[in-house]
Amino acid sequence: MNLVFVNSMEKMSGDQTLSGQISICEQHGRWQVIWHEQDLSGKTLQEDWYEGTGWEEMMRIFRLRISEKLGQGFLPVLEGITENFDMPKGREEAQQMIICYGELNRNEKLYEELREWRKGVAFRENRAAYIIATNRILGLISAYVPKTREELKQIPGFGAHRMERYGDAILAITARYERTTEFPLSWVSEKLDRKQFTMWYYRQKYIRFQKELDEHDLRKEMLKRIEQGATLAVIGEQLQLSLREVVQWVEMLDEEGYDLSGLVDRELALMPDKLRESALEAFSRLGDQYLKPILQAVYGEALPEGLDLNQTYAWLRILRIHYRRLLDAGVPA
C-alpha cells in the first residue's frame, strides 16, 4: 500500500490528551481510509472507514467521518486536512456564531408557539411549512426574541419577503415574551465559547456531508430501479418515498441529463387517454410553468369526485418532461 495522506489529531478529555490519526492509502487503484484513535486507557483502536476503487465515494466518506471527529473535539495537529474544513472568517464567522448561539439557547416555549403559528399559516395558505420559515429560523427567533421589524431583520435567513408576509404576526407573538439579550447581536462573538462554537460548526459540516452521502446513495438506487423498469409507485414503495418525492427526484435527474425515457413511457402508458391528450393540448396553449391551469383546462373548475390529485399531478409532471423533450426535438406535441 502507498501512503497518500496522513494527519494526526488531538482531543482534550479533562486533563488528558487523546490522539487520533487519519491515513489514506492506495494500491493498484484501490483506496483505503483508516482511522486510529487512542482511548482513555491508552489503547489504540482502528476504524476502517473505506475500502474500494471509487475516488469520489472515498472522498465523501472521508469528509463525512472527519467532520464527525472534528465535531467530537478532535483537532488537527497540522493544518491542511482539506479546504472543506476551514473555519469561517470575518462576516461569515459572525453570522455562524449568531446561528450557533441561537441554536444552543433556544426558548422552547416560544419555539413551540412559533411552530404552531407556522402550522396554521401553512394550512391556510396551502404551502410547505419550511417555505414560511425553517425550524432554524424559528429557533433563532425564540433565542433572541426580536421586538421590532429592525431587530427581526437581524435574524439570519429572515429576508424581506418573509418580513412582508409574516413579520407583524411573528412580532405579535414575541411581544409576549421577555428576553435576556439585546440587539444588535455583535455581543455574540464575545460571549460564545470558542471551543463550543468550533465543535458546533463541525457538527453542521457532518450533517451536511451525511445529507450529501444519503442523496448520493438514493440517486444510485433510484437510477437502478428506473433501469430495471420500475414505475413511480414501485420506486416509492421500495425506497419508502412518497409519490411526490419520487417525481421530484425524477425531475432533478432529468435536469441532470439522465435518460429517463423508459420511465416516462411507462407512466404515459398508465395515464388516462383524456388526461394525456387534453393536457398536452393545454401545455401548447398555456405553457408548462404552472400545472394548476393545466388541470383546470382538462377537468374544468369542478374536479371530478374521487380524483386522486397526488397521482394526477404526478402524471402531469411526467407529461411535462415528455412535452419539453418534444419541444427540444422540434416535434409538435
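Reader: How many disulfides does the count come to by this rule?

Author: The count comes to 0 disulfides, a disulfide being a pair of cysteine sulfur atoms within 2.5 Å. Bear in mind that this is a predicted model, where local features need pLDDT of at least 70, side-chain atom pairs count only at pLDDT 80 or more, and totals for chains, interfaces and linings use all residues. Residues are numbered from 1 along each chain as its sequence is written, and side-chain values use heavy atoms, with hydrogens and water left out.

Reader: Why is cysteine 25 called buried?

Author: Buried means under 20% relative accessible area, exposed over 50%, and partly exposed in between (1.4 Å probe, protein chains only). Cysteine 25 has 11%, so it's buried. Cysteine 100 comes in at 0%, so that one is buried too. Across the 333 residues of the protein chain, 41% count as buried.

Reader: Why are α11 and α15 called roughly parallel?

Author: Angles under 35 degrees count as roughly parallel. Helix α11 (residues 243-255) and helix α15 (residues 309-328) pack at about 10°, so roughly parallel it is. Their axes are 9 Å apart.

Methods. Axes fitted to C-alpha atoms, helices over the stretch in contact; angles between N-to-C directions. Helix = DSSP H or I, 4+ residues; strand = E, 2+ residues; numbered from the N terminus. Parallel < 35°, antiparallel > 145°, perpendicular 65-115°, else oblique.
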